Amino acid sequence: MVAVARPSTEVRAMRREDIDAVVAIEHASYDFPWSAGIFRDCLQAGHNCWVIVHDGAIAGYGILSVAAGEAHVLNVCIGEAHRGFGYGRRMMRRLLDLARWYGAERIFLEVRPSNPVAKALYDSLGFAEIGRRPSYYPAKSGREDAIVMALDMHAAD
């Protein structure tokens with residue numbers, strides 16, 4: 001019987017050398033993507049920047065800011081070829097664990113109304129809509145609102 005190697009997947013801290021791959025996923029996924037400079041700034045600022053690596057290739061990433069007892073999910077994205085395998089949920093669980101470790105009482109995020117898959121993921125993790133930010137996101141037809149969601153970390157325990 002021949003042993004078949006199983007693909008390996010890990011979640012690890014983002015490194016500067018990951019930025020090109022992260023930016024490629026970002027640019028392939030969004031009409032108004034973050035620049036490489038923004039990702040470098042997030043690393044420089046000490047934000048929690050993480051990647052999911054599948055068989056040696058970056059499959060997605062997540063960035064979390066934590067300050068004053070609150071956490072904010074700044075960006076989460078999974079590359080198109082890796083969607084549907086639970087990587088978005090895995091990344092969000094890592095970010096939630098980090099927020100909990102840092103003692104955040106609440107975690108916030110914004111999501112586009114035009115992204116029902118992401119909204120459903122956040123709903124399933126216990127996030128609740130707490131408001132809207134009018135004209136928050138750039139869009140092809142002008143601007144798009146953001147749905148603001150929050151999770152009480154004590155309720156998530």
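User: Is Asn-48 buried or exposed in this model?

Analyst: A residue is called buried under 20% relative accessible area, exposed over 50% and partly exposed in between, with a 1.4 Å probe and protein chains only. Asn-48 has a relative accessibility of 10%, and therefore counts as buried. This is a predicted model, in which local features need pLDDT of at least 70 and side-chain atom pairs count only at pLDDT 80 or more, while totals for chains, interfaces and linings use all residues. Residues are numbered from 1 along each chain as its sequence is written, and side-chain values use heavy atoms, leaving out hydrogens and water.

User: Where does Asn-48 lie, and which residues does Asn-48 touch?

Analyst: Asn-48 belongs to strand β2, residues 48-54, where strands (E, at least two residues) and helices (H or I, at least four) are DSSP runs numbered from the N terminus. Contact means heavy atoms within 4.5 Å; leaving aside residues up to four places away in sequence, Asn-48 touches Gly-62, Ile-63, Leu-64, Val-66, Leu-98 and Tyr-102.

User: What is the strand order of the sheet?

Analyst: Two strands pair if DSSP finds at least two bridges between them. Here 7 strands form an open sheet with mixed pairing, in the order β1-β2-β3-β4-β5-β7-β6. Its edge strands, β1 (9-13) and β6, each pair on one side only. Within the sheet, β4 and β5 run parallel and are joined by 3 bridges, and Glu-70 stands opposite Arg-106 in β5.

User: Which residues of helix α4 are buried, and why are they said to line one face?

Analyst: In α4 (residues 116-124), the buried residues are Ala-118, Lys-119, Leu-121 and Tyr-122. Seen down the helix axis, they fall within an arc of 160°, so they line one face of α4; the arc is that of the directions from the helix axis to the C-beta atoms. Pro-116 and Val-117 are exposed on the other side, whereas the buried residues pack against β4 (70-78), α3 (87-101), β5 (106-111), β6 (128-139) and β7 (142-152).
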